[in-house]
Amino acid sequence: MKDEFYYIQKKYRKIKHRRLTRTLYFLFKISNSNQVSLKEKIKAIKSIKRGLFNVGKASLSCIRICFFLVGLFLLLLFLETTTAGSSAYIITTIRLYTLIIIMSILLGILVGWIVIGILAVIEYTLKIKFSPNKTLTKPPASFLLKIALLLPEKYRKDIEQNISDMRLEYCEALSEKKICRARFIVAFYYIGLCWSVVMWISDKAKEVVGLLPKKN
Amino acid sequence: MLLSKTEALILQIMSENGFREVYGLELLKLSNGGIKRGTIYTTLQRMEDKGFVVSRQEEKPDDVSGIPRRLYEITGTGQRALQAYELIVINTVVA
């Protein structure tokens with residue numbers, strides 16, 4: 001299978017979007033095979049991601065060129081059929097086409113991000129599900145823990161304890177192979193942390209009003 | 001000193017468990033959904049400021065990694081506050 005993969009890789013080298021074609025074919029071939037390693041599967045998904053990005057870029061260029069040509073054609077048609085002095089209409093047309101081009105670019109970027117995001121999630125899930133050593137590469141809320149170091153001790157303690165509990169429950173769920181539950185736990189804890197922030201603000205407000213004793 | 005419903009529930013759980021040291025997640029599980037995730041540590045911090053509970057960091061073995069847990073224990077003030085709260089609740093129900 002590995003030799004076949006490299007053969008396909010060699011064969012499709014000269015095709016423009018070879019990466020996408022190659023990896024799609026590769027994925028089709030391995031879909032029913034358990035002999036292919038996880039590393040290769042992830043490599044294939046990464047290649048698809050890059051391939052889709054290339055396809056996205058190409059289609060965006062096509063859309064932009066189409067808009068430009070249609071706009072140019074309409075502009076020429078307009079200049080031929082109308083008399084001089086109606087510059088306001090020309091400006092309006094130019095503005096409209098500029099807007100359409102910008103919108104198409106933004107839409108392309110948005111769709112690209114969504115597709116790449118979905119593929120990243122699939123890749124991450126595959127990594128967790130088929131990883132032989134079952135070691136977490138990055139525990140949840142690692143970034144939040146780094147940010148918490150910048151906060152005052154009172155708030156930092158709260159966040160650290162919450163993250164500690166979250167990780168404990170997360171690992172419990174993962175050890176029972178309940179991946180969805182693990183993700184829900186992370187989401188619940190993030191909501192809980194938002195609620196904590198609300199409580200901190202309310203405590204501060206109570207301190208100001210005088211309902212709670214002031215702390216040094 | 002004012003005692004909220006959640007604070008009273010936490011003190012109640014602590015007293016029902018023989019006044020031993022408990023950690024946040026344990027309290028959460030013992031409350032059977034009475035306390036929400038995320039709010040527990042803020043409430044415990046508030047109670048610590050009021051003097052109802054005391055906390056200390058758990059000593060963990062060298063081979064165990066991760067964030068150390070905090071253990072919470074009810075104080076004498078906490079016990080008296082709980083007794084007063086229960087008296088008020090009983091009187092309100094009887095009346």
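Chain A has seven helices and zero strands. From the N terminus on, its elements run α-α-α-α-α-α-α. The model is predicted.

Of the 216 residues of chain A, 28% count as buried. The accessible surface of this chain is about 15,200 Å², and carbon and sulfur atoms hold 69% of that area. Among contacts in chain A between residues at least 6 apart in sequence, 60% link residues at least 24 apart.

Next, the interface with chain B. Here 27 residues of chain A are in contact with 18 residues of chain B. The size of an interface is often given as the accessible area lost when the parts come together. Between chain A and chain B the buried area is about 2,100 Å², with 57% from carbon and sulfur atoms. On the chain A side, K157(A), Q161(A) and M199(A) lose the most area to chain B; together they account for 25% of what that side buries.

One salt bridge is counted between the two chains. It joins the side chains of E169(A) and R37(B), at 2.9 Å from N to O. The elements of chain A that give two or more residues to the side touching chain B are α6 (153-175) and α7 (179-209). The largest share, 13 residues, comes from α6(A).

| Class | Count on the chain A side |
|---|---|
| Nonpolar | 10 residues |
| Polar | six residues |

Note on methods: Residues are numbered from 1 along each chain as its sequence is written. Chains are lettered from A and ligands numbered from 1 in the order in which they are written. This is a predicted model: local features need pLDDT of at least 70, side-chain atom pairs count only at pLDDT 80 or more; totals for chains, interfaces and linings use all residues. Side-chain values use heavy atoms; hydrogens and water are left out. Contact means heavy atoms within 4.5 Å. Buried area is the accessible area (1.4 Å probe) that two parts lose on being put together, summed over both. A salt bridge is a side-chain nitrogen of Lys or Arg within 4 Å of a carboxyl oxygen of Asp or Glu. Helices (H or I, at least four residues) and strands (E, at least two) are DSSP runs, numbered from the N terminus. Ala, Val, Leu, Ile, Met, Phe, Trp, Tyr, Cys and Pro count as nonpolar, Asp, Glu, Lys and Arg as charged, and the others, Gly among them, as polar. Buried means under 20% relative accessible area, exposed over 50%, partly exposed in between (1.4 Å probe, protein chains only). Accessible areas come from the Shrake-Rupley method with a 1.4 Å probe; for residues, only the protein chains shown count as cover.
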